[in-house]
Amino acid sequence: MWQRIQTLFLALSAIIAVAFLFVEIADGVTGKDNIAASAVAVGIALLQGFIIAMYKDRKVQMRFCNTTMFLALVMGALAYLQTDGEHLRLGIIFGIPAAIIVTAFLARYNIKKDEDLVRSMDRMR
């Protein structure tokens with residue numbers, strides 16, 4: 001399970017989602033002060049753990065990676081829309097969801113490569 005590169009991408013995505021809770025997204029406002037966005041961030045982190053545990057079912061992993069990318073977009077939108085203040089840190093508000101999307105995409109790409117490799121081996125039998 002841990003020897004596959006996509007597991008590292010999924011774990012990195014979970015770490016980034018948890019880091020969102022502790023980063024300042026505006027002056028004096030951290031991610032955990034924004035209840036909806038922090039709930040989505042925790043959901044993303046838990047979903048990544050579930051995806052890692054489902055290492056035997058690659059089709060489900062790919063489907064949940066797509067869900068993760070969508071949830072990251074929702075998290076960024078919620079963080080932007082529900083944070084009041086003039087001094088928003090847009091690089092953080094949109095950078096963290098973008099990093100989650102990139103790592104989830106890389107994980108999905110490598111899961112797809114594994115699935116294609118297994119299918120090609122099944123054809124050789």
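**Close-up 1. The largest nonpolar core of the predicted model.** In this predicted model, the largest nonpolar core has 17 residues, of which Phe20, Ile44, Met75, Ala79, Ile96 and Ile100 touch the most other members.

**Close-up 2. The surroundings of Ile100.** Ile100 belongs to the residues that touch the most other members of the largest nonpolar core. When its neighbours within four places in sequence are left aside, Ile100 is in contact with Ser13, Ile16, Ala17, Ile44, Thr68, Ala72 and Met75.

**Close-up 3. The packing of helix H2 against helix H3.** The axes of H2 (residues 35-53) and H3 (residues 58-81) come within 9 Å and cross at roughly 165°; angles over 145 degrees count as roughly antiparallel, and H2 and H3 are therefore roughly antiparallel to each other. H2 passes H3 in a left-handed crossing. On the H2 side, the residues that make the contact include Ala36, Ala37, Val40, Ala41, Ile44 and Leu47, while those of H3 include Gln61, Phe64, Cys65, Leu71, Ala72, Met75 and Leu78. Taken together, the residues of this contact between H2 and H3 divide into 17 nonpolar, four polar and no charged.

**Close-up 4. The packing of helix H1 against helix H2.** The axes of H1 (residues 5-20) and H2 come within 8 Å and cross at roughly 160°, and H1 and H2 are therefore roughly antiparallel to each other, in a crossing that is left-handed. Here Thr7, Leu10, Ala11, Ser13, Ala14, Ala17, Val18 and Phe20 of H1 meet Ala37, Ser38, Ala41, Ile44, Ala45, Gln48, Ile51 and Ile52 of H2. The residues of this contact of H1 with H2 divide into 12 nonpolar, four polar and no charged.

**Close-up 5. Ala37 and its contacts.** Ala37, which has its place in helix H2, has a relative accessible area of 0% and is therefore buried. With neighbours within four places in sequence left aside, Ala37 is in contact with Phe20, Met75, Leu78 and Ala79. Ala37 is among the residues of H2 that take part in the contact with H3, and Ala37 is also listed where H1 meets H2. The C-alpha atoms of Ala37 and Ala72 are separated by 9.5 Å, although these two residues are 35 residues apart along the chain.

Note on methods
Residues numbered from 1 in each chain as written. Predicted model: local features only at pLDDT ≥ 70, side-chain atom pairs only at ≥ 80, totals over all residues. Heavy atoms only, no water. Axes fitted to C-alpha atoms, helices over the stretch in contact; angles between N-to-C directions. Helix = DSSP H or I, 4+ residues; strand = E, 2+ residues; numbered from the N terminus. Parallel < 35°, antiparallel > 145°, perpendicular 65-115°, else oblique. Left-handed = near helix turned anticlockwise from the far one by under 90°. Contact = heavy atoms within 4.5 Å. Nonpolar A, V, L, I, M, F, W, Y, C, P; charged D, E, K, R; others polar. Core = buried A, V, L, I, M, F, W, Y, C linked by side-chain atoms within 4.5 Å. Buried < 20%, exposed > 50% of the residue type's maximum accessible area, 1.4 Å probe, protein only.
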